[in-house]
Amino acid sequence: MSDLLKSYRFREERETDWRKLDLILTRAENNGVKALSDEDMMALPRLYRQAVSSLSVARSISLDQNVIAYLEGLCTRAYFFVYGTRASIGERIMDFLRRDWPACVSAALGPTLLATLFLFGGGALAFFLCVQDMDWFWTFHGNNFWDGRNPDATVEYLRSTIYHDPMSTEDGQLTSFASYLFNNNAQIALFAFALGFAFGIPTAWLLIYNGVHLGSMYAVFWSKGLGYEFTGWLMIHGTTELFAIILAGAAGFLIGGAVAFPGRMTRLASARHAGQKAATIAMGCVIMLIVAAILEGFGRQMINSDVTRYTIAIGMMFLWLAYFYLPRRDEAKP
Amino acid sequence: MNATVPHAPQNLSRLQIEADQRRRARMLENQRQSKLVRELVTPEGAVIHLKLSTASERAGAFLIDVAIQWAIVIATAIGLSYAIRAMGSGSANIAFAVWLVFFFFLRNFYYIFFELGPKSATPGKRALGIRVAARDGGRLTANSVLARNFIREIEVGLPFQFLMMGGTGVSGWIALLGLVWSGIFLLFPIFNKDKMRVGDLIAGTWVIRAPKAKLMGDISSSAASQALPGRFAFTPEQADAYGIHELHVLEDVLRNSTEEVKSQVALRIRTKIGWQTQPGETDIAFLEAYYAALRRRLEQRMLLGDRKADKYDTR
């Protein structure tokens with residue numbers, strides 16, 4: 001026995017435990033925590049602590065680089081498993097819906113109001129400019145506006161775009177158009193969030209741009225006396241969709257503000273702090289836009305009564321407001 | 001670093017100069033590598049060395065992921081087109097709608113889905129042995145994963161869109177400006193010491209290497225079991241001929257090299273330490289025995305706080 005190295009004997013005594021830990025980790029990484037037996041879960045903390053202390057000792061007594069590389073890898077994996085989250089995807093989604101999302105939205109009230117101001121400010125500006133002088137419409141939209149909903153259109157044509165003939169066969173087309181719109185809107189919402197990094201300036205521009213589009217369209221319908229009907233057509237999904245866009249903008253402003261005015265934190269820490277909250281809001285926007293697309297693709301096509309449209313619009317609005325801003329029981333924070 | 005170069009200028013031979021140059025290059029490389037190592041102190045007070053992933057590894061992982069995404073997109077497009085043919089033309093619009101939504105989710109949630117999983121890595125990252133981790137060593141929260149992946153839109157999506165814009169209508173200057181602006185984001189990881197992209201910065205994450213090393217047999221034990229006692233008795237001078245660097249090179253040679261390389265290495269070591277080859281002695285047996293002797297000697301010295309870095313390290 002005296003012929004064996006001390007570092008080898010050290011390794012020989014602990015090797016079985018290292019391999020046991022390796023096995024448990026591999027199983028957990030491949031099949032999730034549920035694949036572990038109670039026995040494994042009991043053994044894990046002890047094996048982890050032993051591996052970590054083995055690593056410290058091995059660094060100072062062993063020159064076998066394979067052993068050290070192995071232990072470094074093993075301890076890193078074990079550390080991230082022991083101290084990492086073990087919640088399943090389902091639990092994480094429930095946490096997100098129950099707590100994280102509304103909490104982040106209601107905490108970002110300031111940026112939300114700012115984003116509202118930009119969107120509706122842009123909308124109001126375009127609306128009043130267009131109502132006074134319809135030439136503005138062409139300035140905003142250019143000459144290649146494709147679907148004919150422009151100031152030159154007749155009242156009948158505009159009315160036909162608002163109400164849907166249940167007998168018509170273009171259902172499929174409208175569904176694909178709705179999914180195209182969702183795709184577009186969701187991508188814009190994510191852009192609005194991501195561009196917040198540049199002090200929120202591109203986010204503000206994006207909001208105003210969307211507001212201007214909306215406002216000028218509104219002016220076209222308003223000038224033909226279809227304001228009430230157009231509002232119903234727009235708002236059945238618009239309360240959800242515009243709310244989502246406003247929240248995406250708010251997420252952008254949250255990051256922009258944190259980068260521009262970090263306060264007492266370092267700029268990096270401040271960006272990180274705000275970024276995680278903002279990302280939660282942006283994720284929520286995608287969900288809201290899915291809801292909006294469903295309302296748009298199906299609800300708007302099938303419901304032609306103004307009263308029902310308004311009821312759904314206002315109902316959705318209250319639903320979202322209640323979900324986000326109603327105070328809820330404070331759960332113990334982890 | 002150069003305090004250990006004892007040669008007097010007059011007897012510098014060409015070989016020695018080359019050896020010195022090699023050694024300096026090796027030390028510079030070590031220094032460069034050590035810039036990528038971050039220490040994580042666990043709550044138990046132990047230190048774990050995390051090695052950051054390089055920009056090129058991450059680019060490689062990203063390319064693999066993009067290739068997988070495109071493969072999925074094309075496969076579903078082909079599958080849907082067959083479905084349409086089977087069900088008649090009326091379903092084309094609905095199929096297109098489904099495909100558009102699917103495309104959006106694949107584009108944005110492919111990374112999120114995999115990074116939220118137990119391995120914290122996309123298939124591309126797994127292939128290259130890297131993973132995402134929280135910068136403060138804590139939990140990798142879902143919020144962080146969302147943040148770092150939503151930001152990807154302006155890092156990769158935006159330059160792409162500007163490139164497309166360059167072709168149609170929009171003034172070339174705006175497209176160029178956009179390209180420069182988003183190029184800054186794209187190249188961001190190269191220019192900071194933690195190799196973070198903007199998404200990592202916002203999310204408080206970084207990408208580290210998580211190689212899965214295999215525990216191999218100890219060479220010194222196989223030497224001890226094979227050799228006849230007393231056959232390989234190295235003197236202390238012979239065991240002091242090399243340092244830790246050479247020991248590690250020898251370990252690599254023994255584990256990974258061909259027979260030919262091993263016999264060349266054996267020849268050089270025998271020459272260096274003045275070893276007389278005994279009858280019936282194989283190269284492998286000699287190398288393993290010398291490895292064991294060298295490691296025993298170096299580990300003893302290390303226990304006394306004396307790390308002999310390499311063969312030039314004579315104290």
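I took the bend at a residue as the angle between axes fitted to the seven residues ending there and the seven starting there. Helices (H or I, at least four residues) and strands (E, at least two) are DSSP runs, numbered from the N terminus. With that I looked at helix H4 (residues 89–107) of chain A and found a kink of about 50°, centred on A:Phe96.

**Ground rules**

I note that this is a predicted model, in which local features need pLDDT of at least 70, side-chain atom pairs count only at pLDDT 80 or more, and totals for chains, interfaces and linings use all residues. Residues are numbered from 1 along each chain as its sequence is written, and chains are lettered from A, with ligands numbered from 1, in the order in which they are written.

**Confidence**

I read pLDDT as the predictor's confidence in each residue, from 0 to 100. Chain B has an average pLDDT of 82, and 88% of its residues score at least 70. By element of chain B, the lowest mean belongs to H6(B), at 69, and the highest to helix H4 (residues 123–127) of chain B, at 93. Where pLDDT is low, the predicted coordinates should not be read in detail.

**Chain A, overall**

I counted twelve helices and zero strands in chain A. The domain assignment, which is automatic or from a database, gives domain 1 (6–86) and domain 2 (90–325). The centres of these two domains of chain A, taken over C-alpha atoms, are 51 Å apart.

For burial I used C-beta atoms placed from the backbone: a residue is buried if 20 or more others lie within 10 Å of its own, exposed if 12 or fewer, and partly exposed in between. On that count 42% of the 334 residues in chain A are buried.

Two residues are in contact if their C-beta atoms, placed from the backbone, lie within 7 Å. Of the contacts in chain A between residues at least 6 apart in sequence, 80% join residues at least 24 apart.

**Cores**

A nonpolar core is a set of buried Ala, Val, Leu, Ile, Met, Phe, Trp, Tyr and Cys residues joined through C-beta atoms within 7 Å. The largest has 122 residues, and A:Ala51, A:Ala189 and A:Ala282 have the most contacts inside it. Helix H10 (residues 227–260) of chain A is the greatest contributor to this core, giving 18 residues. I found a second, separate core of 19 residues, including A:Leu5, B:Tyr291, B:Ala292 and B:Leu298.

I then listed the partners of A:Ala282, leaving aside neighbours within four places in sequence: A:Ala189, A:Leu190, A:Phe193, A:Ala248, A:Ala251 and B:Phe150.

A:Val286 sits in helix H11 (residues 267–302) of chain A. I logged A:Val286 as buried because 23 other C-beta atoms lie within 10 Å. With neighbours within four places set aside, A:Val286 is in contact with A:Ala186 and A:Ala189. The C-alpha atoms of A:Val286 and A:Lys224, 62 residues apart along the chain, are separated by 34 Å.

**Chain B**

I counted 13 helices and four strands in chain B. Buried residues are 28% of the 315 in this chain. Of the contacts in chain B with a separation of 6 or more, 68% are between residues 24 or more positions apart.

I checked two backbone angles. Most residues other than glycine have a negative phi. B:Ser120, not a glycine, has a positive phi of about 50°. B:Ser120 lies in the loop between H3 and H4 of chain B and is buried, with 25 other C-beta atoms within 10 Å. B:Lys195, also not a glycine, has a positive phi of about 55°. B:Lys195 lies in the loop between helix H7 (172–187) and H8 of chain B and is buried, with 20 other C-beta atoms within 10 Å.

**The contact between the chains**

The contact takes 57 residues from chain B and 63 residues from chain A. Among the elements giving two or more residues on the chain B side are strand E2 (47–51), helix H3 (92–116) and helix H13 (283–303) of chain B. H3(B) gives the most to that side, nine residues.

I sorted the side of chain B that touches chain A by class, with Ala, Val, Leu, Ile, Met, Phe, Trp, Tyr, Cys and Pro as nonpolar, Asp, Glu, Lys and Arg as charged, and the others, Gly among them, as polar. That side has 35 nonpolar, twelve polar and ten charged residues.
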